Amino acid sequence: MNPSGHLTEGPIPAGTISEQIEKLSADLNAGAAAFFVGRVRSDQTEGKTVAAIEYSAYAEMVDPVIQSIEDELFTSFPDLHAVEILHGTGLVKAGESSLLVVVSAGHRTQAFRALEKCVELIKANLPVWKKEHFTDGTSRWI
Amino acid sequence: MATVNVLYFGPIGDITGTPRETLSGLDTIPEILHSLHLKYPAINNIYYQVSLNRNLISDIQNPKSDIRYPVPADGDEIALLPPFTGG
């Protein structure tokens, strides 16, 4: 079992987005929700093509880091209502989704700004690493 | 002397060949890192941060840093964290 509720095994299932929309319906005062979906690109590098990215995480450290990210966001954006962060682990194939961030706010301006800030904080602070797997069977850490 | 659990992530885990090991007989974090660099010389080529019990310790690789590193106790968890690349 994963020690963090913010991590999924494999890619983010598409149905998670509709679940999040459903969850938002309980908040009658959030006028805006913004979604970010990070996806695996089939990059070309030195003649090789990315088939998948393998994500690994320091799972026990994910929850406290996400708590600190949320604390910073709620301090910076007083109109913010809720933040949801979900990161895939293990193999995520090109075209599949590796990250879902949902923020809701009273109005759209802070929803958009908080979403961008949240993604940047995740990139900088979440203890997650990725390894590219190429179609020729080789791999490398990036 | 403390017995600590050391965790390796990302490319460092490939160098060590194991995701974790238990070390004993060393008192301080700099001593622990020094022993790991001797055991796994390829770690020298990788930038990393260090956490103690899931809290980052700043500037551990800066030789001019005058930070007083916390002293690990029995059962503490030390992790070597290469640059994060999630998202």
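In which hand does H2(A) pass H3(A) in their crossing? Keep that in mind while you work through this predicted model.

**Start with the scores.** The model has an ipTM of 0.91 and a pTM of 0.92. Colour chain B by pLDDT. Its average is 90, and 87% of its residues score at least 70. Where pLDDT is low, the predicted coordinates should not be read in detail.

**Select chain A.** Trace the chain along the sequence: the order is β-α-β-β-β-α-β-β-α-β-β. The radius of gyration is 16 Å, close to the 14 Å from the globule rule for 142 residues, so chain A is as compact as a globular protein of that length. Its C-alpha trace spans about 50 × 30 × 25 Å along the principal axes.

**Select residues 59-76 and 108-125 of chain A.** These are helices H2 and H3. Two packed helices are described by the angle between their axes and the distance between the axes. Here the angle is about 150° and the axes lie 10 Å apart. Angles over 145 degrees count as roughly antiparallel, so H2(A) is roughly antiparallel to H3(A). Now the opening question: the crossing of H2(A) past H3(A) is right-handed.

**Show the side chains at this contact.**
- From H2(A): Val65(A), Ile69(A), Glu72(A), Leu73(A) and Ser76(A).
- From H3(A): Ala114(A), Lys117(A), Cys118(A), Leu121(A), Ile122(A) and Asn125(A).

Colour them by class. The contact of H2(A) with H3(A) comprises 7 nonpolar, 2 polar and 2 charged residues.

**Finish between the chains.** How many residues of chain B are in contact with chain A? There are 12, and they meet 21 residues of chain A. Colour the chain B side by class too.

Technical notes. Residues are numbered from 1 along each chain as its sequence is written. Chains are lettered from A and ligands numbered from 1 in the order in which they are written. This is a predicted model: local features need pLDDT of at least 70, side-chain atom pairs count only at pLDDT 80 or more; totals for chains, interfaces and linings use all residues. Axes are lines fitted to C-alpha atoms, for helices over the stretch in contact, and angles run from 0 to 180 degrees between N-to-C directions. Helices (H or I, at least four residues) and strands (E, at least two) are DSSP runs, numbered from the N terminus. Angles under 35 degrees count as roughly parallel, over 145 as roughly antiparallel, 65 to 115 as roughly perpendicular and the rest as oblique. A crossing is left-handed if the near helix is turned anticlockwise from the far one by less than a right angle, and right-handed if clockwise. Two residues are in contact if their C-beta atoms, placed from the backbone, lie within 7 Å. Ala, Val, Leu, Ile, Met, Phe, Trp, Tyr, Cys and Pro count as nonpolar, Asp, Glu, Lys and Arg as charged, and the others, Gly among them, as polar. pLDDT is the predictor's confidence in each residue, from 0 to 100. The radius of gyration is taken over C-alpha atoms; the globule rule is 2.2 Å times the number of residues to the power 0.38.
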